Amino acid sequence: MCAHPENKIYIIKMKNQANALDRFRDYLNASKGSDNPPAYYNLTDATSSHDRSVFNDMEADTQYRCALLDYSDDEITCLYWVTCEKYSSQNRASIHCRLKYKSEDKAIIENFVYHLQLNLEKDFPENSYINFEISSPLMQQMLRFETTPYQQSFIPREYKQRTEEEHLSKLAQKNEYCRRKYNLKSPQPRGEFQRDYDRIIYSKAFRRMVDKAQIFSSIKGDHYRTRMTHTLIVCQIARSISDQLKLNSTLSEAIAVGHDIGHTPFGHQGERTLHAILTGQKGFEVEHLSLLPDEENKVTGQESLFPYGGFKHNYQSVRVASCLESQYPEIDGLDLSEQTLNGMWMHTGKKSGINIEDFSDDFLSDRSEFAFTLEGQVVAVADEIAQRSHDIDDAFASHLITPDEFSQYLSLKKSDTLKKDIDELLKKIEALNSKNRLFSDKTELIFTQISSIIVHYFIQDVCTATEQRMKSYDIDKFNADNHRVNEKLVWFSDAGADLCRYLENIISKKVINSHEVTLFDQNGSNTVLTLFRAYYKNPMLLHKGTLQRIWNEYRKQGLDPISFEEGKPQLIKDEWKNITTVLIPANKDMQTPEHKTTLLKRTILVRGICDFISGMTDSYAINEYRRIVP
């Protein structure tokens with residue numbers, strides 16, 4: 001017997017023109033499923049001694065895998081992948097077969113032949129039709145085709161009220177309101193939103209934010225904000241606001257630590273570049289990515305030449321948490337609560353042409369322009385406050401603006417209060433300096449204090465304005481609508497919103513448009529574009545895990561791809577070439593079934609490339625660029 005029977009693959013070749021096998025094929029196609037009777041491949045008096053020997057070596061009561069090959073003129077036209085068992089009695093010898101998978105795909109058949117180096121003439125002695133081979137790699141590939149991918153079902157859970165939440169506002173989210181897609185884990189004393197927080201900070205995507213730029217690259221210095229330090233500041237501001245408004249600060253913190261885990265390298269320029277690629281903006285073209293316009297050189301109806309949706313980091317944050325992170329055997333993603341995912345998504349505005357269903361498997365509903373929890377709205381405003389304060393601080397540190405210049409910008413009436421606080425700070429420090437106060441770094445202290453003043457000013461503005469809105473909101477409506485709010489309650493006052501926009505304009509003029517930031521953005525954009533073009537041209541450059549995720553998504557969509565790791569190299573190369581270069585009409589009425597399959601594969605590939613690039617740190621992206629570009 002074979003030393004590795006679990007990897008033994010029996011092979012039975014069947015001539016297409018053999019009419020006697022037609023009935024066997026009919027039974028075989030009807031045998032799928034354990035409740036149906038098997039098809040019988042009978043050995044007869046004419047069976048060769050070789051085939052008898054192979055049959056006799058099979059163990060009774062043992063299930064094997066067998067490939068039944070339909071062939072004519074030395075070409076295999078169909079592969080039946082079956083489970084088989086030996087049946088032997090005094091009057092009958094046969095192999096019981098139950099169909100697990102069937103394919104007429106030439107690539108699947110050629111890959112099968114390649115792995116076994118199969119030759120239908122040489123590998124089968126004269127007048128024989130049964131043989132076996134041993135191949136663990138091929139066995140593992142074929143086993144994946146037997147069943148549809150596993151899908152975890154929803155597990156009903158009851159989450160109970162927590163004592164420490166009794167003092168919260170009636171509009172706050174409570175532990176018992178928690179809703180998850182799967183509910184994998186039983187409730188624990190720490191609470192469900194604390195569980196969300198813990199899952200996020202243990203994720204790889206969270207850790208990578210330490211080397212993702214906010215505005216300036218990390219190579220500029222250790223004291224400039226990164227995506228991680230920005231996130232921690234948002235978290236602190238969100239907690240401060242939530243505590244004052246008596247909202248669920250644990251949920252606010254969970255949303256805050258997760259809100260940017262989908263951000264690209266190189267700050268917002270990275271996401272703008274990915275979006276430009278996916279929507280075909282001038283200067284960001286990738287060969288063969290667009291669909292083929294019709295004969296009038298235009299697209300009819302709502303069809304698009306670039307059907308890939310686009311890219312924005314808040315959508316990607318949901319995708320990372322729902323699909324890309326892997327912490328549990330049963331599912332992809334972190335199984336975060338709907339409240340946390342919705343807050344992560346809604347921390348910034350939506351983008352036209354992008355569907356949240358493409359990022360969250362229909363778990364989130366796209367029915368509002370703001371978070372349905374006040375805690376999610378808190379994070380949205382905390383993100384704005386954090387950006388205004390630390391962008392000013394980074395601008396000071398970069399000498400793109402001085403505190404005196406900033407004070408002059410605040411001479412407008414709308415910024416009187418903020419200007420007064422900053423001027424008093426500057427006078428206080430100068431007064432202490434005249435009294436021989438020994439500052440280790442007076443300039444740095446001024447930067448820090450101004451940033452603190454900005455944060456304090458906006459927190460108080462938001463809390464004062466929001467408290468008034470919360471008082472007038474209908475609690476009965478909140479409870480009836482499954483504990484959702486349908487108004488934007490947490491935001492600045494009108495004056496505060498005007499001042500926030502004004503500070504943003506200052507930053508845009510003095511920092512975003514500066515030569516230094518422009519150069520950083522341009523280099524980042526070039527890096528992202530070059531990487532995307534390289535990966536699209538040759539997807540085998542992608543990380544092994546990314547390729548496997550793309551393969552998994554093909555299977556989930558009902559496709560039968562050969563393994564990108566173990567498959568025949570030329571077949572893989574041909575498959576990628578077909579996916580990335582075949583011209584596909586934009587008009588759906590002109591698309592053949594082959595076009596639609598190719599477009600589906602292409603869309604999955606494009607999203608996989610975006611996943612890989614957006615997950616990179618700045619350093620990784622730069623090193624990958626240097627590795628790929630000679």
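User: Which residues does G376 touch, once residues up to four places away in sequence are left out?

Analyst: In this predicted model, G376 touches I255, G343 and A371 when those sequence neighbours are not counted.

User: Is G376 buried or exposed, and how do you know?

Analyst: The relative accessible area of G376 is 0%, and a residue is called buried if that value is under 20%, so G376 is buried. G376 is found in helix α13, and its C-alpha atom is separated by 24 Å from that of S326, which is 50 residues apart from G376 along the chain.

User: Why is helix α8 described as largely enclosed by the rest of the structure?

Analyst: Helix α8 covers residues 249-258, and nine of its 10 residues are buried, so the helix is largely enclosed by the rest of the structure. The buried residues are S249, L251, S252, E253, A254, I255, A256, V257 and G258.

User: What covers the buried residues of α8?

Analyst: The cover includes α5 (192-201), α6 (204-208), α7 (227-245), α10 (313-324), α11 (338-345) and α13 (374-397).

User: What makes N248 a cap for α8?

Analyst: A side-chain oxygen of N248 lies 3.2 Å from the backbone nitrogen of T250, at the N-terminal end of the helix. The cut-off for a polar contact between N or O atoms is 3.5 Å, and since 3.2 Å falls within it, N248 is said to cap that end of α8.

User: How do you know how many disulfides the structure has?

Analyst: A search of the whole structure finds zero disulfides. C178 is in none, and its nearest cysteine sulfur, that of C235, is 18 Å away, whereas a disulfide needs a pair of cysteine sulfur atoms within 2.5 Å. The sulfur of C235 has its closest cysteine sulfur in C463, at 16 Å, which is too far for a bond. In general terms, a disulfide is a covalent bond between the sulfur atoms of two cysteines.

User: Are C178 and C235 buried or exposed?

Analyst: C178 has a relative accessibility of 8% and C235 has a relative accessible area of 6%; both values are under 20%, and therefore both cysteines count as buried.

User: How do α7 and α16 pack, and which residues make the contact?

Analyst: Helix α7 and helix α16, residues 442-471, pack at an angle of about 35°, with their axes 10 Å apart. The contact is made on the α7 side by I237, S240, I241, Q244 and L245, and on the α16 side by residues including V455, I459, C463 and M470. The crossing in which α7 passes α16 is right-handed.

User: What makes β2 and β6 the edge strands of the sheet?

Analyst: The six strands form an open sheet in the order β2-β5-β4-β3-β1-β6, with mixed pairing. Strands β2 (39-42) and β6 (130-134) are called edge strands, as each pairs on one side only. Neighbouring strands of this sheet are turned by 40° against each other on average, with direction ignored.

User: How do you know that β1 pairs with β3 and with β6?

Analyst: Two strands pair if there are at least two bridges between them. Seven bridges join β1 to β3, and these two run parallel; five bridges join β1 to β6, which run antiparallel. Both counts reach the cut-off, so β1 pairs with each of them. As examples, K15 stands opposite Y71 in β3, and K8 has I134 as its bridge partner in β6. Strand β1 is also mostly covered, with seven of its eight residues buried.

User: How are β4 and β5 joined, and which helices lie on the sheet?

Analyst: Strand β4 (residues 75-88) and strand β5 (residues 93-103) run antiparallel and are joined by 10 bridges, with V82 standing opposite L99 in β5. Helix α2 (residues 49-57) lies across β1, β4, β5 and β6, running at about 50° to β6. Helix α3 (residues 106-116) packs on the sheet as well, touching β1, β3, β4, β5 and β6, and its direction makes about 65° with that of β4.

Conventions:
Residues are numbered from 1 along each chain as its sequence is written. This is a predicted model: local features need pLDDT of at least 70, side-chain atom pairs count only at pLDDT 80 or more; totals for chains, interfaces and linings use all residues. Side-chain values use heavy atoms; hydrogens and water are left out. Buried means under 20% relative accessible area, exposed over 50%, partly exposed in between (1.4 Å probe, protein chains only). Helices (H or I, at least four residues) and strands (E, at least two) are DSSP runs, numbered from the N terminus. Contact means heavy atoms within 4.5 Å. A polar contact is a pair of N or O atoms within 3.5 Å; within protein, one must be able to donate a hydrogen and the other to accept it, and residues adjacent in sequence count only if both atoms are side-chain atoms. Axes are lines fitted to C-alpha atoms, for helices over the stretch in contact, and angles run from 0 to 180 degrees between N-to-C directions. A crossing is left-handed if the near helix is turned anticlockwise from the far one by less than a right angle, and right-handed if clockwise.
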